[in-house]
Amino acid sequence: MERVPVLKIGDILLVSIQIDMEDQVALQLQEDLAERIVATGVHGVIIDISALDIVDSFVGRTIATIASVSRVLDAETVVVGMRPAVAITLVELGLSLPGIRTALNVELGIEMLGRRADSDDELFDDDDEPGQAVVTTP
């Protein structure tokens, strides 16, 4: 069985799906990603689906599950490179992909995750203990 490679770039895992997403491949990717998030402690996952011509309901649900699992493990998911036909198909199938942010390409996805990291950093200053939020008022 083919596996989808998962690359670590800084604080992000990048998944570029370049093969047909059969059910077993999608399930293996879900498992691989969860393990890599825990092992690396990253806070972002980018799934590049620009090479996919079609996404069926199972693969769509699997991507949504990957995002949910990632969120529980403190990593945000951004899906990039979605073709218009894929977007239309997902909407027609009733898959709204809750919790998944989208971007047009990998560069914009990295930028989007970087903004999250910047906003998280603003919650803490050097005198604060980890896990203690700083509340500021205007």
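Okay, let's start with a question: which residue in β2 does L7 stand opposite? Looking across from L7, you find L14. Keep in mind that this is a predicted model.

β1 and β2 run antiparallel to each other, paired over 4 bridges. The hairpin they make has 2 residues between the strands, and G10 in that hairpin has a positive phi near 60°.

Now for the other neighbour of β2. β2 and β3 are parallel, with 5 bridges joining them. One example: L13 has V45 in β3 as its bridge partner. How many residues of β2 are buried? It's 4 of the 5, so the rest of the structure largely encloses this strand.

On to helix α1, residues 23-40. It has 18 residues, and at 1.5 Å a residue it should span 26 Å; the end C-alpha atoms are 26 Å apart, so the two agree. Several of its residues are buried, among them V25, L29, D32 and I37. What covers them? For the buried residues of α1, the cover includes β1, β2, β3 and α2. Here's a handy general point: an α-helix has 3.6 residues a turn, so residues three or four places apart point the same way.

Last stop, the surface. V38, V72 and L73 make up a nonpolar patch there, and together they have about 290 Å² of accessible area. L73 sits in the loop between α2 and β4.

Note on methods:
Residues are numbered from 1 along each chain as its sequence is written. This is a predicted model: local features need pLDDT of at least 70, side-chain atom pairs count only at pLDDT 80 or more; totals for chains, interfaces and linings use all residues. Side-chain values use heavy atoms; hydrogens and water are left out. The expected span of a helix is 1.5 Å times one less than its number of residues. Buried means under 20% relative accessible area, exposed over 50%, partly exposed in between (1.4 Å probe, protein chains only). Contact means heavy atoms within 4.5 Å. Patches are made of residues with over 30% relative accessible area and no salt bridge: like charges are joined within 9 Å, nonpolar side chains (Val, Leu, Ile, Met, Phe, Trp, Tyr) within 5 Å. Accessible areas come from the Shrake-Rupley method with a 1.4 Å probe; for residues, only the protein chains shown count as cover. A salt bridge is a side-chain nitrogen of Lys or Arg within 4 Å of a carboxyl oxygen of Asp or Glu. Two strands pair if DSSP finds at least two bridges between them.
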